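Dear colleague,

I am handing over the structure below, together with notes on what was found in it. Please read the notes with the coordinates open beside you.

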Amino acid sequence: MTIIRTPAEFMKLRETLNNKKIGFVPTMGGLHNGHLSLVNRAKSENEITVVSVYLNETQFNDKNDLVTYPANFDDDCALLESAGVDYLFAPSYAVMYPDDYRYMVTEKDFSKLLCGAKRPGHFDGVLTVVMKLLNIVRPANAYFGEKDFQQLTLLRGMVEAFFMNINLVGCPIVREKNGLAISSRNRKLSQQGLALAPKFHEILAAGGTESEIASNLEKAGFKVDYVTKHNGRLYAAVFLENVRLIDNL
């Protein structure tokens with residue numbers, strides 16, 4: 001696996017790939033089986049597999065969340081190497097934002113709801129960094145998990161709105177056997193928190209009105225951020241031990 005650190009270096013490499021079909025998995029690090037499922041899908045459907053590891057600070061409205069984000073670059077490299085990834089793109093803020101984030105991509109509707117209502121500026125950061133990454137890597141296919149279904153929906157809208165010749169592939173949520181959606185942030189939970197966390201999915205799956213589901217989550221020990229049905233999908237975000245968890249059905 002070759003590690004590349006700058007857009008210029010990757011763009012130079014890109015010209016040597018002879019128009020091979022590239023599958024791309026953007027990540028923020030802290031890799032787990034959910035990410036590996038995206039990598040394996042990319043490997044099965046493309047000739048070249050590229051993964052980016054970049055902890056994108058522009059999408060964090062809570063600086064403490066950024067500082068405590070559970071990622072270890074050496075561990076991520078070892079995992080990607082063993083998974084058979086061809087290229088790892090691991091840039092810095094300076095090379096990704098030479099304008100110091102003066103320019104951004106903004107969506108004015110769906111990004112203001114759900115997580116966007118609770119995390120101002122979050123999706124501006126997401127859309128901007130993914131636009132940059134897609135422009136640098138220029139993949140045929142880019143892979144995203146459905147755990148953040150709002151993010152996936154917004155990215156699909158961006159690709160369509162800007163006539164980007166890229167296929168965005170949504171991949172099913174990968175869960176633990178107990179139903180908990182796998183997430184890097186799960187690593188921040190105590191053993192007691194990990195024992196309670198599967199109740200999040202269990203209560204969502206049990207159904208009911210939004211207020212009933214929210215009440216059941218509160219009773220179980222979660223602090224509810226929101227429970228909302230939107231376009232036939234149930235979205236929810238909760239806090240457990242000050243760790244924010246999201247899920248959808």
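In this predicted model, six strands form an open sheet in the order 1-4-3-2-5-6, and the pairing is parallel; two strands are taken to pair if DSSP finds at least two bridges between them, and helices (H or I, at least four residues) and strands (E, at least two) are DSSP runs numbered from the N terminus. Strand 1 (2–4) and strand 6 stand at the edges with a single partner strand each, so one side of each is left without a neighbour in the sheet. From one strand to the next the twist averages 25 degrees, where axes are lines fitted to C-alpha atoms, for helices over the stretch in contact, and angles run from 0 to 180 degrees between N-to-C directions.

Residues are numbered from 1 along each chain as its sequence is written, and side-chain values use heavy atoms, with hydrogens and water left out. Because this is a predicted model, local features need pLDDT of at least 70 and side-chain atom pairs count only at pLDDT 80 or more, whereas totals for chains, interfaces and linings use all residues.

Within the parallel sheet, strand 2 (residues 22–27) is joined to strand 5 by two bridges, and Phe24 stands opposite Ala142 in strand 5. Helix 8 packs on the sheet, where it touches strand 5 and strand 6, and its direction makes about 170 degrees with that of strand 6. Strand 5 (residues 141–145) pairs in turn with strand 6 in the parallel sense over five bridges, with Tyr143 opposite Val169 in strand 6. Strand 6 (residues 167–171) is mostly covered, since four of its five residues are buried (buried means under 20% relative accessible area, exposed over 50%, and partly exposed in between, with a 1.4 Å probe and protein chains only).

Thr49 lies in strand 3 (residues 48–53) and is buried, with a relative accessible area of 2%. Leaving aside its neighbours within four places in sequence, Thr49 is in contact (heavy atoms within 4.5 Å) with Gly23, Val39, Ala42, Lys43, Val85, Asp86 and Tyr87.

As for the helix packing, the axes of helix 7 (residues 122–137) and helix 8 (residues 149–161) come within 11 Å and cross at roughly 50 degrees. Helix 7 and helix 8 are therefore oblique to each other, given that angles under 35 degrees count as roughly parallel, over 145 as roughly antiparallel, 65 to 115 as roughly perpendicular and the rest as oblique. The contact is made by Phe123, Val126, Leu127, Val130, Met131 and Leu134 of helix 7 and by Gln150, Gln151, Leu154, Leu155, Met158 and Val159 of helix 8.

A second open sheet, of three strands in the order 7-8-9, has antiparallel pairing. Strand 7 (223–230) and strand 9 (243–248) stand at the edges, each with a single partner strand, so one side of each is left without a neighbour in the sheet. The twist there averages 10 degrees from one strand to the next. Strand 8 (residues 233–240) is joined to strand 9 by six bridges, and Tyr235 stands opposite Asn248 in strand 9.

Asn18, in the loop between helix 1 (7–14) and strand 2, has a phi near 55 degrees, a positive value in a residue other than glycine, and counts as exposed at 62% relative accessibility. Phe163, in the loop between helix 8 and strand 6, likewise has a phi near 55 degrees and is exposed at 75% relative accessibility.

With best regards
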